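Hi,

Here is the structure I said I would pass on. Have a look at it first, and then read my notes below.

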Amino acid sequence: MYTSIGRYDRKMNFGFISIQQLSRMGKKKRFVFLTRMKRGGRDTDQNSSEEGTAEKFKKLRTTNAHSQTSDWGNLLQDIILQVFKYLPLLDRAHASQVCRNWNQVFHMPDLWRCFEFELNQPATSYLKATHPELIKQIIKRHSNHLQYVSFKSHFISALTVVFVNSKSLSSLKIDDTPVDDPSLKVLVANNSDTLKLLKMSSCPHVSPAGILCVADQCHGLRELALNYHLLSDELLLALSSEKHVRLEHLRIDVVSENPGQTHFHTIQKSSWDAFIRHSPKVNLVMYFFLYEEEFDPFFRYETPATHLYFGRSVSKDVLGRVGMTCPRLVELVVCANGLRPLDEELIRIAERCKNLSAIGLGECEVSCSAFVEFVKMCGGRLSQLSIMEEVLIPDQKYSLEQIHWEVSKYLGRVWFPDMMPTW
């Protein structure tokens, strides 16, 4: 009978050995063999254990890496959608190539409800301009989903694609873009029932007739912002028609780049009256960036302005006319006036502008007594009172230290004049 002893281990080179072979060995050899076999068994077990542990860690790392990859790829589409909404157009396109799930989100209509197209990157910008062909491809596919669009670009063909293919535009802002009258006609033809907000700035190719076409057809228009050269009596009458909804906000920018080279027409009082009768609660906001000699056509008769901002120096005479012709005035901001005190003008504004609740004065001069009287006449309705300390001129009645307490008393709250930063 052939009986074997020992264990087979490739690493230790142990084979099968019979009892007869073991008995023929000398004591020393037999002791060495048995000792080595016993030690080899432990070593083998230890090595096997270490290999198993390493294999477990390797599998764990692989599982974790796979799990993390799967988490990014399997994020809820609603979460990815919210992230995509903050990305510029080019970054959206790159992100859509990550996986199928992200590409599906890229083509969801909700992602294209609101978008801003801005391609005028300065030469020193670290941002790369979006390639026009990419914009064309995306717009052709998603323009019918667009509702809120802001354009600031010379890429007129992209804007044309939006106008041609969009069917549900609700809000459109165009800044420094060569849009023209034919483009607006296309816009009106496709979006007349949905357009509610239109803001246009620095669009010299649009004529009063072009903007009049928008007012005639878009009867749901509630907010309109445009340059003064587009404002006309015909436009105000069109906005006052029975078919048109009541306008809520009308902003007019009155801008002159070169003194004496821009002609400003006059809007008839009857047109303003018809407009206010139709939209009695409209906010009429006017921004003036004119030189003093260019104010002659304005404030000659009653003007329904509610918010007036004078970005350049304005004369005492003009501010006096404001007090006489703007009874609906709610907010007045004067950046500069000169060195002649505005005492009488402020008192007149307080007397006639019963809705005035906010005023800001920059580089002007007002005596402390006249300012206290102005605040006393307006009372607590002045929710915002921003006056630089340099504006107030101490007189015999009030010093700069005393005026703080007097104004606070009539306002019903603690008030301090604004301080000019020292840097």
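C368, F371, V372, V375 and K376 in α14 meet L400, I403, E406, V407, Y410 and L411 in α15. By class, that contact between α14 and α15 has 9 nonpolar and 2 charged residues, with no polar ones. To find the pair, look for α14 at residues 368-378 and α15 at residues 400-411. Their axes come within 9 Å and cross at roughly 10°, which means α14 is roughly parallel to α15.

Keep in mind that this is a predicted model. Mean pLDDT for the chain is 80, and 73% of the residues reach 70 or more. Strand β9 (residues 283-289) has the highest confidence, with a mean of 96, while strand β1 (residues 4-5) has the lowest, at 45. Over residues 1-16 the pLDDT is below 50, though the model gives this stretch 28 contacts beyond near neighbours in sequence. Residues 120-127 also stay under 50, and there the model has 6 contacts beyond four places in sequence.

Which residues line the largest cavity? They are Y228, T266, I267, W272, M286, P297, F298, F299, R300, Y301 and T303. By class, that lining has 8 nonpolar, 2 polar and 1 charged residues.

Cheers

How values were computed
Residues are numbered from 1 along each chain as its sequence is written. This is a predicted model: local features need pLDDT of at least 70, side-chain atom pairs count only at pLDDT 80 or more; totals for chains, interfaces and linings use all residues. Side-chain values use heavy atoms; hydrogens and water are left out. On a 1 Å grid over the protein atoms alone, a cavity is a set of points where a 1.4 Å probe fits but cannot get out, and a pocket is an open set with protein on both sides within 12 Å along at least five of seven lines; lining residues have an atom within 4 Å of a point. Ala, Val, Leu, Ile, Met, Phe, Trp, Tyr, Cys and Pro count as nonpolar, Asp, Glu, Lys and Arg as charged, and the others, Gly among them, as polar. Axes are lines fitted to C-alpha atoms, for helices over the stretch in contact, and angles run from 0 to 180 degrees between N-to-C directions. Helices (H or I, at least four residues) and strands (E, at least two) are DSSP runs, numbered from the N terminus. Angles under 35 degrees count as roughly parallel, over 145 as roughly antiparallel, 65 to 115 as roughly perpendicular and the rest as oblique. Contact means heavy atoms within 4.5 Å. pLDDT is the predictor's confidence in each residue, from 0 to 100.
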